[in-house]
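Reader: I have a structure to look through for class. Can we go over it together?
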Amino acid sequence: GLIHRVLPGHEREFTIEVIPAETAGDVFELETRDGRVVLRGNNGVAIASALNWYLKYFCRCHVSFTGGSQLKLPRPLPPVAPKLRRVSSARYRYFLNYCCYGYSLPWFDWRQWERLIDWMALNGINLPLSVTGQEAVWQATGRRLGLDERALRDFLAGPPYLPFGWVGCLD
């Protein structure tokens with residue numbers, strides 16, 4: 001899971017619990033119980049946000065999605081007391097834009113995608129732009145409409161030009 005990927009070897013120092021959402025939106029809580037850091041949230045993104053909050057504000061650590069993370073945990077782990085509770089001020093937290101899918105993301109391998117997805121969860125992103133694979137849908141639709149492979153290739157933009165094709169800027 002996320003704790004294993006971000007903090008390998010430290011999984012047993014954390015407890016994860018699910019709590020109900022707030023009317024206003026996502027919520028997370030942090031506290032220390034029986035020597036373990038308790039991460040609570042109403043969903044996976046809220047729980048990941050609790051972990052990131054703890055790392056930033058209690059451990060002075062930083063998780064980067066491009067490298068350069070600083071994850072040297074203090075020993076012993078700093079306790080959380082009293083219990084901390086945060087409710088998100090925004091229902092939807094958006095990230096990425098169409099240009100990302102032409103300049104960097106088409107070249108990502110799974111390790112890079114997994115790191116980016118983890119980073120988004122840690123930072124409370126619950127609405128990333130997700131257009132990966134849209135061309136496969138267009139290809140299938142074009143084939144059902146009788147387009148041949150050459151017509152499909154001529155219609156679809158290559159990876160660096162995907163955003164321009166999506167917004168209709170290519171002739």
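Author: One definition to begin with: a residue is buried under 20% relative accessible area, exposed over 50%, and partly exposed in between. Arg85, with a relative accessible area of 35%, is therefore partly exposed. Keep in mind that this is a predicted model.

Reader: OK. What does Arg85 form a salt bridge with?
Author: Its partner is Glu29, and the closest N and O atoms are 2.2 Å apart. Arg85 belongs to strand E4 and Glu29 to strand E2, so this pair ties together parts that are 56 residues apart in sequence.

Reader: And Glu29, buried or exposed?
Author: Glu29 counts as buried, because its relative accessibility is 6%.

Reader: Which salt bridge do Glu29 and Lys83 meet in, I mean what is the N to O distance?
Author: The N to O distance between those two side chains is 3.7 Å. Lys83 sits in the loop between H2 and E4, while Glu29 is in strand E2, so the bridge ties together parts 54 residues apart in sequence. Lys83 is partly exposed, at a relative accessible area of 47%.

Reader: How many salt bridges does the count come to?
Author: The count comes to 13 salt bridges. Another of them joins Arg150 and Asp154, with the closest N and O atoms 3.7 Å apart. Those two residues are 4 apart in helix H6 (residues 149-155), which means about one helical turn separates them. Both Arg150 and Asp154 are exposed.

Reader: Which residues do salt bridges with shared partners join into one network?
Author: The network consists of Glu17, Glu22, Glu29, Glu31, Arg33, Arg40, Lys83 and Arg85.

Reader: How do the lining residues divide into nonpolar, polar and charged?
Author: There are 8 nonpolar, 6 polar and 4 charged residues in the lining.

Reader: Back to helices. Where is Asn52 found, and what is it in contact with?
Author: Asn52 is part of helix H2. Setting aside neighbours within four places in sequence, Asn52 is in contact with Val63, Leu122 and Asn123. Asn52 has a relative accessible area of 6%, so it is buried.

Reader: What about Gly102, buried or exposed?
Author: Gly102 counts as buried, because its relative accessibility is 3%. This glycine is found in helix H3 (residues 100-103). Not counting residues up to four places away in sequence, Gly102 touches Trp107, Pro159, Pro160 and Pro163.

Reader: How many Å separate the C-alpha atoms of Gly102 and Phe28?
Author: They are separated by 35 Å, and the two residues are 74 apart along the chain.

Reader: Last one, aromatics. How many aromatic pairs are there, and which residues do ring pairs link into a cluster?
Author: The count comes to 11 aromatic pairs. Phe14, Tyr54 and Phe58 are linked into a cluster by ring pairs.

Reader: What is a pair of aromatic rings described by?
Author: Two things: the distance of the centres and the angle of the planes.

Definitions and conventions: Residues numbered from 1 in each chain as written. Predicted model: local features only at pLDDT ≥ 70, side-chain atom pairs only at ≥ 80, totals over all residues. Heavy atoms only, no water. Nonpolar A, V, L, I, M, F, W, Y, C, P; charged D, E, K, R; others polar. Buried < 20%, exposed > 50% of the residue type's maximum accessible area, 1.4 Å probe, protein only. Contact = heavy atoms within 4.5 Å. Phe/Tyr/Trp six-rings, centres within 6.5 Å; stacked < 30°, edge-to-face > 60°. Salt bridge = Lys/Arg side-chain N within 4 Å of Asp/Glu carboxyl O.
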